[in-house]
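Visitor: Please take one part of this structure and go through it closely. I would like the cut-offs stated along the way.

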Amino acid sequence: MAAENNGVDIETSEDNEFSSGRGVGGRKYRPVFAHDHDRAILEMSSIDPGVRASSSASLNDAKKLNAGMPQNMTSEARDRSLPSHGGVNGSQTESKLELFGFDSLVNILGLKSMAGDQAQTPLSPVDGDDVPVNVERPQASSVKLGTMMGVFVPCLQNILGIIYYIRFSWIVGMAGIGQSLLLVAFCGSCTFLTTISLSAIATNGAMKGGGPYYLIGRALGPEVGVSIGLCFFLGNAVAGALYVLGAVETFLNALPQAGIFRDTQTFVKVNGTDVAQPITSPSLHDLQVYGIIVTIILCFIVFGGVKMINRVAPAFLLPVVFSLFCIFVGIFLARTNYPADGITGLSLQSFKDNWGSEYQMTNNAGIPDPTGKIYWNFNALVGLFFPAVTGIMAGSNRSASLKDTQRSIPVGTLAATLATTILYLVTVLFFGALATRDKLLTDRLLTATVAWPVPAITYIGIILSTLGAALQSLTGAPRLLAAIANDDILPVLNYFKVADGSEPHVATLFTAFLCIGCVIIGNLDLITPTVTMFYLLCYGGVNLSCFLLDLLDAPSWRPRWKFHHWSLSLIGASICIVIMFLISWIFTVVSLALASLIYYYVSIKGKAGDWGDGFKSAYFQLALRSLRSLGASQVHPKNWYPIPLIFCRPWGKLPENVPCHPKLADFANFMKKKGRGMSIFVSILDGEYHECAEDAKAACRALSTYIEYKKCEGVAEIVVAPSMSDGFRGIVQTMGLGNLKPNIVVMRYPEIWRRENLTEIPATFVGIINDCIVANKAVVIVKGLDEWPNEYQRQYGTIDLYWIVRDGGLMLLLSQLLLTKESFESCKIQVFCIAEEDSDAEELKADVKKFLYDLRMQAEVIVISMKSWDIAQAEQQDESVEAFSLARERISGYLAEMKGRAEREGQPLMADGKNVVVNEVQVEKFLYTTLKLNSTILRYSRMSAVVLVSLPPPPLNHPAYFYMEYMDLLVENVPRLLMVRGYRRDVVTLFT
């Protein structure tokens with residue numbers, strides 16, 4: 001069945017029917033296929049597939065049927081008991097919505113198709129593409145999470161981590177209470193504003209896998225999404241190493257005897273004493289060995305499956321909450337030098353002493369050391385502390401498991417952000433009043449020291465919380481990488497693709513190797529700035545996404561979260577950038593360079609995708625504003641650009657799967673300066689629109705592919721019309737907008753019309769030219785298109801212009817455009833001016849030279865005198881005389897046939913369905929004029945690269961057959977010729 005319907009994938013039962021459940025009386029649905037490659041749409045069985053305005057049973061009737069059925073009937077029996085509906089010509093039940101052609105009940109499967117669930121491909125289907133519609137039986141929904149367990153707890157677990165336990169007291173001692181409050185407020189405002197932007201984007205529609213990558217990619221495009229997404233993946237992988245090192249360092253501080261290597265000792269003066277005392281810190285090698293072992297164990301747990309991790313993840317939060325309770329109880333119970341030296345209890349004097357900052361040199365372990373290599377200031381502390389406020393994306397990463405994403409993500413994320421920020425602010429005040437500055441700077445585990453009743457509780461809480469956060473990082477990072485790979489943007493990431501419901505084992509291995517590499521570095525304070533940069537890139541991308549979407553305010557931008565504004569998102573993005581440069585401008589430049597390299601790589605190697613991103617909306621609005629600014633008035637000649645309408649319909653047949661003449665795109669490129677400008681490629685299909693609509697869409701796709709292959713900036717349009725003349729007449733009237741309408745019609749000269757005996761071509765050809773004249777369009781007709789050079793075929797000789805009538809300078813401008821191309825850059829221009837013999841040839845030559853000089857055009861001017869209808873001159877023996885004689889004979893025969901038919905029917909002279917007036921003297925004059933012009937071209941321009949000549953308009957009330965004879969005589973034996981007719985305006989100007 002699928003094969004018979006052009007590849008449309010309809011998953012149904014054997015009889016192509018499926019049950020919709022117990023909806024309206026168990027009504028059965030079935031797929032209905034539209035005729036001639038139309039999209040497969042899902043309608044109720046009562047809808048007639050052949051008639052648009054079909055009717056169906058009303059909702060009340062369906063309810064009555066359902067009420068009268070036994071409750072134990074199966075869905076199949078219930079469906080069979082429903083009354084059958086007629087076919088195409090059958091009678092159907094009256095419906096109030098018969099006008100709309102649909103049942104009165106909203107089609108729930110149609111709603112699913114509107115949701116656009118296309119997780120398998122990043123490409124949005126373009127108009128006319130066949131979209132597979134998968135119809136499946138309803139499945140039991142899995143258990144969904146609420147705001148508390150789905151968003152608040154994961155965010156709280158990710159935000160509260162190692163920095164709070166083993167670095168926060170040290171930060172208070174180094175920066176002082178005042179600047180620590182400023183530090184918390186500064187970093188907290190960044191995540192708070194990012195949460196506002198995240199809430200707006202997350203509530204603007206359904207979310208899929210990938211978390212912030214999905215949000216940024218769909219807002220800023222696949223290139224930006226992949227570049228920031230990969231950086232966010234690296235940040236998560238490095239954060240896993242950060243948590244592992246924190247857990248190992250806590251373990252070694254709690255059990256120093258577990259160390260394999262000798263601990264590092266630093267002698268400093270502690271608590272105001274004059275004697276330097278040793279401060280012990282774990283060995284770097286111990287951190288590396290234990291860190292690698294813990295990372296491998298965590299990876300084995302991750303390989304066990306995410307279900308096991310999700311079951312135990314809430315349990316990791318309990319030790320954290322309990323340890324916080326113990327810490328605050330210990331703070332209130334602390335007294336002077338209890339439970340350790342340097343503890344003052346909650347003292348106002350300590351609060352005053354610790355209010356100011358005391359930045360100084362430290363060693364790699366953070367212990368104050370005058371000979372240390374690291375100097376700490378506010379900027380460095382921002383990089384150290386910022387990971388303590390990250391983790392706000394944990395809820396959005398679980399959007400698929402939430403009952404109500406529109407409510408849970410904003411409420412849960414904001415609650416976790418505000419709760420942790422308040423906790424940090426309160427802790428700063430308590431730590432500042434709890435101990436001396438030396439104790440704050442030297443006791444890296446002050447939280448364990450003051451914890452009640454024993455420090456072991458805090459140690460266990462630290463280890464379990466950090467290991468839980470590490471598990472979340474090692475679980476989320478591979479899934480982020482797999483989501484990027486599944487979007488099929490970068491072919492190099494195909495190794496990390498996973499099927500739906502499968503575990504990303506390859507991505508997990510890759511993440512483990514990155515985590516182990518960072519663990520080998522072993523320095524917690526050097527890893528945290530790296531994590532900070534990657535997280536800030538992600539947060540900045542979220543803020544910029546919301547800023548762009550809010551500023552553009554497209555019709556589809558309707559987030560449920562109303563508390564947002566583009567200025568807040570802009571401030572949030574600015575804070576992210578400021579924090580990056582405050583931490584380290586070197587790390588900032590490196591991270592931005594990495595993201596830019598990924599962006600460039602994706603734009604070059606990535607597969608094209610259209611996700612409806614904000615940049616496309618920005619381009620659209622910019623185009624509208626530019627179009628309105630151009631107005632409807634004529635463009636000044638200095639700003640005139642050729643917008644050619646390339647008429648692809650050939651005079652004859654092209655090979656199969658060739659939508660346009662191969663040389664037409666080459667010629668269109670020659671009409672542009674440095675590729676600037678737009679071409680519109682148009683083809684016409686004969687037939688009825690409703691019957692040929694799908695064929696037209698397929699032809700448009702083929703023509704667009706051809707344009708891209710030829711590297712021509714342009715668009716493709718296919719028009720269905722009863723005839724070529726009707727189609728072109730509609731095109732020339734309606735194509736384009738405002739001043740972006742095509743101004744030049746380019747088509748091939750029908751050289752085959754006489755050879756193939758295509759008698760309908762003359763009337764069509766003349767009609768097209770007349771339509772262009774009426775519509776005020778310039779015309780360029782190419783003779784010898786098969787011999788037109790491509791961009792690699794260099795031409796030599798001259799470009800000869802036979803400038804006969806005033807055309808606004810179009811012919812001169814086309815010659816200059818040809819000179820800008822490599823194929824014609826070696827040619828020179830010759831301008832031939834045709835004048836009567838009694839005119840002043842020298843004066844005309846001087847005027848034309850002055851005119852070309854003012855136009856900045858280098859050309860040789862040649863004036864030719866000729867009598868346009870001197871019969872004696874036409875009798876000269878050259879190769880055009882034979883063609884002239886044959887043309888005159890054919891015209892005489894055609895005229896005699898018209899006269900004979902008119903006499904027999906008793907009507908005036910008719911040609912092409914219209915009355916004509918034939919002046920035989922005028923016909924002879926036209927023939928002699930074209931003969932003389934052809935002889936002149938052959939005499940002077942036989943070796944030229946290309947010849948441009950003014951196109952004579954079709955004479956009024958002349959048969960189209962006569963005009964074709966004139967044109968055939970004009971182009972006789974000229975291998976490459978452009979016939980140009982301007983329109984009622986200038987395209988060049990003398991003035992600057």
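Guide: Strand β9, helix α24 (residues 689-709) and strand β10 make a right-handed β-α-β unit. Right-handed here means that, with the strands pointing away from the viewer, the path from the first strand over the helix to the second runs clockwise. Helices (H or I, at least four residues) and strands (E, at least two) are DSSP runs, numbered from the N terminus. The model is predicted: local features need pLDDT of at least 70, side-chain atom pairs count only at pLDDT 80 or more, and totals for chains, interfaces and linings use all residues. Residues are numbered from 1 along each chain as its sequence is written, and side-chain values use heavy atoms, with hydrogens and water left out.

Within the unit, α24 lies across β9 and β10, and runs at about 160 degrees to β10. Axes are lines fitted to C-alpha atoms, for helices over the stretch in contact (heavy atoms within 4.5 Å); angles run from 0 to 180 degrees between N-to-C directions. β9 and β10 (residues 714-721) pair in the parallel sense over eight bridges, where pairing requires that DSSP finds at least two bridges between two strands. One of the partners is E717 in β10, bridged to V682.

β9 covers residues 679-686, and six of its eight residues are buried, so the strand is largely enclosed by the rest of the structure. Buried means under 20% relative accessible area, exposed over 50%, and partly exposed in between, with a 1.4 Å probe and protein chains only. β9 also pairs with β8 (residues 644-647), through three bridges and in parallel. In that pairing I680 of β9 is the bridge partner of L645.

β11 then pairs with β12 in the parallel sense over five bridges, and V746 stands opposite V780 of β12.

These strands belong to an open sheet of 10 strands with mixed pairing, in the order β10-β9-β8-β11-β12-β19-β18-β13-β14-β15. Its edge strands are β10 and β15 (860-865), each of which pairs on one side only. The twist averages 20 degrees from one strand to the next. Further along the order, β18 (residues 946-950) and β19 (residues 977-981) pair in the parallel sense over four bridges, with V947 opposite L977.

The loop between β12 (778-783) and β13 (798-803) contains Q795. Q795 is buried, at a relative accessible area of 14%. Its side chain makes a polar contact of 3.1 Å with the side chain of R976; such a contact is a pair of N or O atoms within 3.5 Å, and within protein one must be able to donate a hydrogen and the other to accept it, while residues adjacent in sequence count only if both atoms are side-chain atoms. A polar atom of the Q795 side chain also lies 3.5 Å from the backbone oxygen of Q793. Leaving aside residues up to four places away in sequence, Q795 touches P789, S823, F824, S826, C827, A945 and R976.
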